[in-house]
Amino acid sequence: MRTICWNCRGLGNDSTVQRLKEINRKYLTDIICLSETKQQDDNVRDVGAQLGFLRYVSVPPRELTGGLVIFWHRLVQLSVLSQSPNLIDCKVGINGSSFKLASLSRRNEAWILLGDFNEILGNHEKIGARERLALSFQDFRNLVRNNNLLDVNSIGNRFSWVGKRGTHTIQCSLDRTMANGAWFTEFPAFETEFLELGESDHRPLVIFISHDKEEPRRVFRFDSRMTHKEGFNESVYRGWRGSGQMQLIQQPLARRLKQCRAQISLWKRHNRHNAEERIQILRGRLDKAICSPTTTTQEVDILRDDLNQTSRVMWLHAGDKNTKYFHSVTKVRRHRLHLSSIQDCIRVVHRGQKQIALVAQDYFQSLFGNTVDNSRLYTKVLGTFQTRVTNEMNENLTRNLTEHLARTDSLLFFIINFGRTSNQK
């Protein structure tokens, strides 16, 4: 399961909604938790519909500040236990597992606390400006210790907030994901990814919740739009012929295809024609510019404009409406085809890609294996088939090889190889 957590600083901004769409499309999230929405319920519901989430719970803002919302997918069972202007406490269930989200009182159950804490544990979680007194961190430290909370493993830049205080650029670890001991026992492969800054002064967080640690497999996909790009055909040619002594020998088709795939992948790494890759590069530049104390506001605004043009934010009121149906269909199909658990022949549920693969392997081995004598079944089924190969035809096909047949086969072999040789010249 994947969850987004983000202090978005207002859902009324088109670029913020577009960023949520990009993250949701890339990670196929099941739950989205947003703070500082600054929007009433009607606008929040419209944004959820654009993202493909019809189930939600929201806390309206107070005047022009605050506001919380949680969107969840239809496959997730989520029930709200309590809510306030600063916290939504709920119970989540998916694929036979359940946990508490943002609870501070149920120590014996697995629960997770995530969001903008607006506080840090010490000066080591702060860059810029003067240091704070150690006594000022005491309340937050007591909360973490009394509730047996621990920070989870993470990737990316943990300094999730960047702001200006006078002439100083300050970075702090305000946004985080924490859980209790029961949670780490239940979900040992739990991990948080901090994404790039951009539309808000807070980083979006993507939380991966799984029972088993699984390394993602990169899948090669051929893009026919690249065939007319400069250097593409040459990379295919190099892969097909091979390099060095491999050009002088006959290679199997499977090896040629593997070499072509490697050469195309190498070409793609040096030629960024994919729009999503260009957007990712621009986001990295914008993130570095925001965090740098020497970057001016004008330079940051220029990078934001470049990013907005590349990601086609202006299509939110035009082209995006025309393609919204197709995006929703694709998203629903991905969720429908995603296999998170499987039930074996004795109705035991298995989770994780490795366990799912083992159950599928056992099923097909038992289905097509030779452990059961099906000779009687074959006779009963095939007995109704009309005979096509006569005894005379069978004797002709199974007779011993003669000199005449050997010469014929040799001639045919020579013609085939001659054709291959001539094509390589």
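Predicted model: local features only at pLDDT ≥ 70, side-chain atom pairs only at ≥ 80, totals over all residues.
1. Seven strands form an open sheet, and their order across it is E3-E4-E2-E1-E16-E15-E11. The pairing in this sheet is mixed. Strands E3 (55-59) and E11 (154-155) stand at the edges. Each of these two has a single partner strand, so one side of each is left without a neighbour in the sheet.

2. E2 covers residues 31-35 and E4 covers residues 68-72. These two strands pair in the antiparallel sense, over five bridges. Within this pair, Ser35 stands opposite Leu68 in E4.

3. Helices on the sheet. Helix H1 (residues 14-27) packs on the sheet and touches strand E1 (2-7), E2, strand E15 (191-194) and strand E16 (205-208). The direction of H1 makes about 160 degrees with that of E1. Helix H2 (residues 41-51) also packs on the sheet, where its contacts are with E2, E3 and E4. The direction of H2 makes about 150 degrees with that of E3.

4. The second largest pocket. Its volume is about 800 Å³. The lining consists of 39 residues, and those nearest the centre of the pocket are Ser35, Leu68, Asn86, Leu87 and Asp116.

5. The elements that give two or more residues to the lining are E1, E2, E4, strand E6 (87-94), strand E8 (111-116), helix H3 (138-146) and strand E12 (161-165). E8 gives the most, with four residues. By type, the lining divides into 23 nonpolar, nine polar and seven charged residues.

6. Thr37. Leaving out residues up to four places away in sequence, Thr37 touches Cys8, Gly10, Leu11, Gly66, Gly67, Leu68 and Val69.

7. Cys260. This residue is found in helix H6, which runs over residues 253-270. Cys260 has a relative accessible area of 9%, so it too counts as buried. Again leaving out residues up to four places away in sequence, Cys260 touches Val236, Gly239 and Trp240. Ser235 is 25 residues from Cys260 along the chain, yet their C-alpha atoms are separated by 7.3 Å.

Definitions and conventions: Residues numbered from 1 in each chain as written. Heavy atoms only, no water. Buried < 20%, exposed > 50% of the residue type's maximum accessible area, 1.4 Å probe, protein only. Contact = heavy atoms within 4.5 Å. Pairing = 2+ DSSP bridges. Axes fitted to C-alpha atoms, helices over the stretch in contact; angles between N-to-C directions. 1 Å grid on protein atoms, 1.4 Å probe; cavity = no way out; pocket = protein on both sides within 12 Å on 5 of 7 lines; lining within 4 Å. Points joined across faces, edges and corners; volume = space filled by probe spheres on them. Nonpolar A, V, L, I, M, F, W, Y, C, P; charged D, E, K, R; others polar.
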